[in-house]
Amino acid sequence: MTYAIAPHAIPSVPVAGTDMRFPLHRIYCIGRNYADHAKEMGAEIDRKQPIFFNKPADAVVIGNSDVAYPSATNDLHHEVEMVVALATGGRDIAVEHALEHVYAYGVGLDLTRRDLQAAAKSKGNPWDSAKGFDQSAPVSNLHRASEIGHPQNCIISLHVNGEPRQSSNIKTMIFSVAEIIHELSKLYNLQPGDLIFTGTPAGVAALVKGDRFQAELEGVAVLEGRIV
Ligand code: MN
């Protein structure tokens with residue numbers, strides 16, 4: 001078998017403390033997973049019905065790289081989020097077994113064209129162009145659960161140009177990591193290499209060219225970068 005054109009490289013993320021990389025399959029994201037953020041967006045929370053969307057795997061930007069300000073927006077927003085990497089997948093994964101599928105944790109930004117998202121929401125249109133654009137998923141190195149365990153009570157924060165923008169404790173997530181995996185596995189056959197963005201706390205705001213961001217999952221991972 002030969003490919004008709006040269007196949008693209010598999011997007012991947014460095015595994016901290018090793019020379020290995022984690023090969024990406026898909027990027028799943030949950031929306032409205034912190035009550036304070038849902039409130040600032042004027043959105044209702046439905047505990048029974050999580051909101052999921054995707055980013056393309058090649059939207060990932062490896063830590064400490066420049067991120068190009070995207071086209072077609074005048075309102076690029078940061079959303080700092082804990083990121084979960086799956087070593088194994090499956091369908092209909094029980095909550096009590098969900099964490100057994102987790103390989104590693106990191107921190108990332110769910111970059112959002114907020115103006116396009118607002119327009120899509122007002123028309124009942126999909127969010128894809130607001131969420132799934134090129135370089136919309138900067139992510140830190142991944143830290144293996146075998147080394148750090150499963151973080152469930154720690155601060156997630158974002159500073160921009162040294163000023164605090166977002167800070168919360170991941171224990172306040174509406175759907176826990178295990179519950180997110182359970183819910184996603186009802187909708188999709190999860191696969192090794194899947195990455196999950198677990199939602200953002202309050203304080204989302206604009207990024208402009210030249211901004212330097214520092215995202216941190218306390219005691220776990222740090223991501224630094226610059227908008228250019
Ligand atoms: Mn988000």
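The structure is a predicted model, in which local features need pLDDT of at least 70 and side-chain atom pairs count only at pLDDT 80 or more, while totals for chains, interfaces and linings use all residues. Residues are numbered from 1 along each chain as its sequence is written, and side-chain values use heavy atoms, with hydrogens and water left out.

Figure 1. Helices (H or I, at least four residues) and strands (E, at least two) are DSSP runs, numbered from the N terminus.

**Figure 2. Burial of Glu 81 and Asp 110.** Buried means under 20% relative accessible area, exposed over 50%, and partly exposed in between (1.4 Å probe, protein chains only). Glu 81 counts as buried because its relative accessibility is 0%. Asp 110 also counts as buried, at 0% relative accessibility.

**Figure 3. The largest cavity.** On a 1 Å grid over the protein atoms alone, a cavity is a set of points where a 1.4 Å probe fits but cannot get out, and a pocket is an open set with protein on both sides within 12 Å along at least five of seven lines; lining residues have an atom within 4 Å of a point. Grid points are joined across faces, edges and corners, and a volume is the space filled by probe spheres set on the points. The largest cavity has a volume of about 110 Å³. It is lined by 17 residues, of which Gly 31, Arg 32, His 37, Gln 117 and Trp 127 are the closest to its centre. Helix α3 gives the most to this lining, with three residues.

**Figure 4. The largest pocket.** This pocket holds about 180 Å³ of space. Among its lining residues are Phe 52, Phe 53, Pro 126 and Trp 127. Strand β4 (51–55) and helix α4 (128–131) each give two or more residues to the lining, and β4 gives the most, with four.
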